[in-house]
Amino acid sequence: MASMSGPRPRAIAILMTLEAASLAAASSIHLTHGSTGAGIPEAIICVVLAVGALVVHRRGARWRATALATVGFAIFGFLVGLNSTLRGHQFGDIAYHVTVLPVLIVTFVLALRSGSPAPGAPAPGRPETPAGAPQQP
């Protein structure tokens, strides 16, 4: 498992799960009111985020790449959805997109900052020691 220099994958997985849950609710509302134009894309993004959250939670070898790809997909989908709702003046949908989009962006940034430290950089929480100096356990 790669070392991390930022938030733990668990926190990112929790955010992704909450985002997926909000999309499940939004999709259900749209689909029960006959709005497949919004409900189906929301359902697809929901499934992608939920699967991504599961991979991140299990901390597979590529958890970070999975988080970036799935959350990036969700951000793109939200931008498309926001564009549609702005043109349709659907205020409830606009409010939803404007509220959740920043949370998705924060999740993406957290995943981006959770990568391995640069080669030669000290591990998180460990002070840098001069070359040749014995390291303390």
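This is a predicted model: local features need pLDDT of at least 70, side-chain atom pairs count only at pLDDT 80 or more; totals for chains, interfaces and linings use all residues.
Local features were taken only at pLDDT of at least 70 and side-chain atom pairs at pLDDT 80 or more, while totals for chains, interfaces and linings use all residues. Residues are numbered from 1 along each chain as its sequence is written, and side-chain values use heavy atoms, without hydrogens and water.

Two packed helices are described by the angle between their axes and the distance between the axes. Helix α1 spans residues 9–32 and helix α2 residues 36–58 (helices are DSSP runs of H or I, at least four residues, numbered from the N terminus). Their axes come within 8 Å and cross at roughly 160 degrees (axes are lines fitted to C-alpha atoms over the stretch in contact, with angles from 0 to 180 degrees between N-to-C directions). α1 and α2 are therefore roughly antiparallel (angles over 145 degrees; under 35 degrees counts as roughly parallel). The contact of α1 with α2 has 18 nonpolar, seven polar and two charged residues (Ala, Val, Leu, Ile, Met, Phe, Trp, Tyr, Cys and Pro count as nonpolar, Asp, Glu, Lys and Arg as charged, and the others, Gly among them, as polar).

α1 also packs against α4, at an angle of about 160 degrees and with the axes 10 Å apart. α1 and α4 are therefore roughly antiparallel. The axes of α1 and α3 come within 12 Å and cross at roughly 30 degrees. That makes α1 roughly parallel to α3.

The structure holds one aromatic pair (rings of Phe, Tyr and Trp, the last by its six-membered ring, with centres within 6.5 Å). The ring centres of Phe 78 and Tyr 96 are 5.6 Å apart and the planes lie at 40 degrees, so the pair is tilted (planes under 30 degrees apart count as stacked, over 60 as edge-to-face and the rest as tilted). Phe 78 lies in α3 and Tyr 96 in α4, so the pair ties together parts 18 residues apart in sequence.

The largest pocket has a volume of about 330 Å³ (the space filled by probe spheres set on grid points joined across faces, edges and corners). A pocket is an open set of points on a 1 Å grid where a 1.4 Å probe fits, with protein on both sides within 12 Å along at least five of seven lines; lining residues have an atom within 4 Å of a point. The lining of the largest pocket has 20 residues. Gly 37, Ala 38, Pro 41, Gly 81 and His 97 lie nearest the centre. α3 (63–88) and α4 (91–112) each supply at least two lining residues, as do α1 and α2. α3 gives the most, with eight.

Methods:
Angles under 35 degrees count as roughly parallel, over 145 as roughly antiparallel, 65 to 115 as roughly perpendicular and the rest as oblique.
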